[in-house]
Amino acid sequence: MASSTTKPAAAHKVPELKNLTIDNITENVHRINSQCADPRLKYVMERLVTHLHDFARETRLSFDEWMAGIQFLTQVGQKCTDVRQEFILLSDIVGLSLLVDSIDHPKPPSSTEGTVLGPFHTHDAETLSPGSQISADPAGTPLLVACTVKTTSGKPLSGVKIDIWETDSKGKYDVQYEDRGTNADGRAIVTSDEQGVFWFKAIVPVPYPIPEDGPVGRLLEKLGRHCWRPSHMHFMFEKEGFDHLVTALYVRGSDYETTDAVFGVKDSLIVALETVTPEQAKEYNVAEGTQLLTYDFVLVTDEETKKLRHDEAVKAMKNLGREGMIIVNGLPVPDVD
Ligand code: BEZ
Ligand code: FE
């Protein structure tokens with residue numbers, strides 16, 4: 001039986017789709033898709049088809065190139081497993097992940113910027129108490145991480161759930177080891193206290209290559225690009241009423257600081273490591289000489305984010321000269337009234 005989306009053609013007012021040419025195929029695909037009942041999907045498809053067709057026309061795309069593209073995307077899909085997301089990796093290396101994060105999570109100047117999530121966040125990190133060690137790697141350089149989390153008006157935020165993940169000293173995430181089993185390592189969930197403070201022990205992050213043994217790695221090689229990320233530690237913040245923040249801190253002076261393979265580095269997220277003072281070593285119960293990472297994170301409320309997202313969408317439509325659009329939940333859709 002036909003579902004509502006697969007009604008027989010006669011039930012719709014379908015334009016006559018024949019004798020289509022390089023010059024008129026785009027408008028005809030738009031015409032048939034314009035029957036879509038979901039205005040947002042209709043708009044997204046209209047723009048996607050426009051850009052895809054223009055891409056083919058502008059490049060004079062050959063059949064062989066089209067087929068090579070299909071085969072490449074097939075390989076990307078085939079490389080994906082429960083712990084390997086080659087499509088996210090592809091999105092990362094063409095800058096799409098960073099772009100989408102910046103669009104969907106706009107930030108006022110006083111707040112902490114977001115950056116790429118990457119494919120190595122998991123949902124099985126243990127919740128640890130303040131001061132815990134998150135890395136079991138004895139070869140890592142000891143690092144004390146002592147941070148705060150506040151609102152844009154400087155009020156400390158307690159009870160924020162903070163997900164942290166980093167590689168071991170060889171530049172590998174725990175999920176990249178076949179024998180990892182259920183033993184999460186180099187990752188933890190911690191919670192901020194009444195003063196908005198959270199702290200833990202870790203190891204100094206190192207640069208590492210993104211997974212290069214798949215189609216995305218081969219593409220990078222063909223493009224003459226390296227596959228390295230600078231030293232960083234990931235942080236994800238969740239607190240009811242605040243915009244979800246996915247970010248990372250980058251170690252100042254790390255190799256690849258200005259040539260990150262996935263475009264994630266922002267000046268505001270680069271931090272110079274220090275060495276703990278003898279007083280800090282005592283206070284936090286770490287060895288003298290331990291490296292220290294401090295940072296004051298600032299979260300944005302859902303309300304602030306909603307307004308910013310709306311204002312940015314209005315601005316973007318104006319800049320694109322797109323008339324007749326309304327903004328619904330921060331997303332542009334055609335105004336049908
Ligand atoms: C990461 O930082 O974990 C990462 C981000 C993008 C691609 C690969 C890895
Ligand atoms: Fe990473």
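Which residues are around ligand 1? They are Leu89, Asp92, Gly118, Pro119, Phe120, Tyr173, Tyr208, Ile210, Arg229, His232, His234 and Val262, where near means having a heavy atom within 4 Å of the molecule.

## About the model

This is a predicted model, in which local features need pLDDT of at least 70 and side-chain atom pairs count only at pLDDT 80 or more, while totals for chains, interfaces and linings use all residues. Residues are numbered from 1 along each chain as its sequence is written, chains are lettered from A and ligands numbered from 1 in written order, and side-chain values use heavy atoms, leaving out hydrogens and water.

## The shell around ligand 1

The shell splits into seven nonpolar, three polar and two charged residues; here Ala, Val, Leu, Ile, Met, Phe, Trp, Tyr, Cys and Pro count as nonpolar, Asp, Glu, Lys and Arg as charged, and the others, Gly among them, as polar. Both α4 (86-93) and β7 (232-238) supply at least two of the shell residues, with helices (H or I, at least four residues) and strands (E, at least two) taken as DSSP runs numbered from the N terminus.

## Polar contacts and burial

An oxygen atom of ligand 1 is 2.5 Å from an N or O atom of the Arg229 side chain, a polar side-chain atom of His234 is 2.9 Å from a ligand oxygen, and for Tyr173 the distance is 3.3 Å. Taken alone, ligand 1 exposes 260 Å², and the protein buries 100% of that (Shrake-Rupley areas, 1.4 Å probe).

## Annotated regions

UniProt, in an unreviewed entry, lists "domain: Catechol dioxygenase N-terminal" for residues 38-110; such annotations may be inferred rather than shown by experiment. This span is 75% helix and 0% strand, and its end C-alpha atoms lie 36 Å apart.

The unreviewed UniProt annotation "domain: Intradiol ring-cleavage dioxygenases" covers residues 133-299. Over residues 133-299 the chain is 9% helix and 35% strand, with the end C-alpha atoms 25 Å apart.

Key:
A polar contact is a pair of N or O atoms within 3.5 Å; within protein, one must be able to donate a hydrogen and the other to accept it, and residues adjacent in sequence count only if both atoms are side-chain atoms.
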